[in-house]
Amino acid sequence: MVRMSAEERRESVIRAAMIEFARGGYNGTSTEVIAKRVGVSQPYLFRLFPGKEAIFLAASGRCCQEVTEVFRKASEGLQGEAALLAMGEAYQALIADDPDKLLMQMQMYVAVASAEASGDREFGEALRAGWMEMYDTVRLALGADVGEATQFLAYGMLINVLVSMGFRPDHRVWTGFYESVQSKE
């Protein structure tokens, strides 16, 4: 059996942490469960990351990067409404194919809000930077239109909330969404 490098193990930890934090949240997920999912000891886990917060920040950062890349690829070569629809469809496919990606986003928002409420503004700085990269990617794809980018991301957040809460595709709450969203739901 081939041994993994530290970088490969680190990548495994980030992937496992995305799943575990998505399902259990920051406070409800132990580093023990992450180590177990990866198949390493907790002491080894802490050789790769200085602590639970660093693991969470790496997993959250990766989640933001992956969502941003979905938007970037979907809108490549497109403009205006075509870019908007392509990004919307790509995001729908992402959260349908990988529900943990949606849950990780929601857990990220909760963890940052919780840290802020307790006076820790620094915790969310890197995550806000990642989110701003996503915002800028969307804004540029939509011709640098702030209003369009804001509306697109607002719809996305509403979709996140409704899907997270388990609203079925045929529920009346979906009425009024972009045509592409309605046809997929």
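User: Which residues is S60 in contact with, leaving aside its neighbours within four places in sequence?

Analyst: S60 is in contact with M104, M108 and L127, where contact means heavy atoms within 4.5 Å. Before we go on: this is a predicted model, in which local features need pLDDT of at least 70 and side-chain atom pairs count only at pLDDT 80 or more, while totals for chains, interfaces and linings use all residues. Residues are numbered from 1 along each chain as its sequence is written, and side-chain values use heavy atoms, with hydrogens and water left out.

User: Where does S60 sit, and why is S60 called buried?

Analyst: S60 belongs to helix α4; helices here are DSSP runs (H or I, at least four residues), as are strands (E, at least two), numbered from the N terminus. Buried means under 20% relative accessible area, exposed means over 50%, and partly exposed lies in between (1.4 Å probe, protein chains only). The relative accessibility of S60 is 0%, so S60 counts as buried.

User: What makes V163 partly exposed?

Analyst: V163, a residue of helix α8, has a relative accessible area of 35%, so it is partly exposed. V163 is in contact with I95, L102 and W174, once its neighbours within four places in sequence are left aside. For V163 and L102, the C-alpha atoms are separated by 8.7 Å, although the two are 61 residues apart along the chain.

User: Is L162 buried or exposed, and how do you know?

Analyst: L162 has 5% relative accessibility, so it counts as buried. It also lies in helix α8. Not counting residues up to four places away in sequence, L162 touches F167, V173, W174 and F177. Of these, V173 is 11 residues from L162 in sequence, and their C-alpha atoms are 8.3 Å apart.

User: Which elements do the buried residues of α6 pack against?

Analyst: They pack against α1 (6-28), α4 (52-75), α5 (80-97), α7 (122-141) and α8 (146-164). Among the buried residues of α6 are L102, M104, M106 and M108.

User: Why are α6 and α8 called roughly perpendicular?

Analyst: Axes are lines fitted to C-alpha atoms, for helices over the stretch in contact, and angles run from 0 to 180 degrees between N-to-C directions. Angles under 35 degrees count as roughly parallel, over 145 as roughly antiparallel, 65 to 115 as roughly perpendicular and the rest as oblique. The angle between α6 and α8 is about 105°, with their axes 10 Å apart, and therefore they are roughly perpendicular to each other. On the α6 side, the contact is made by L102, Q105, M106 and Y109, and on the α8 side by M157, N160, V161, V163 and S164.

User: What about α1 and α4, and why does the label roughly perpendicular apply to them?

Analyst: Their axes come within 8 Å and cross at roughly 100°, so α1 and α4 are roughly perpendicular to each other. Residues of α1 in this meeting include V13, F21 and Y26, and those of α4 include K52, I55 and F56.

User: Which residues have the most contacts inside the largest nonpolar core?

Analyst: That core has 27 residues, and those with the most contacts inside it are V13, F21, I34, F49, I55, F56 and M104. A nonpolar core is a set of buried Ala, Val, Leu, Ile, Met, Phe, Trp, Tyr and Cys residues joined through side-chain atoms within 4.5 Å. The largest share of this core, 7 residues, comes from α1. Leaving aside neighbours within four places in sequence, the contacts of F21 include I34, I55, F56 and M104. A second, separate core of 24 residues includes V67, M87, L94 and M106.
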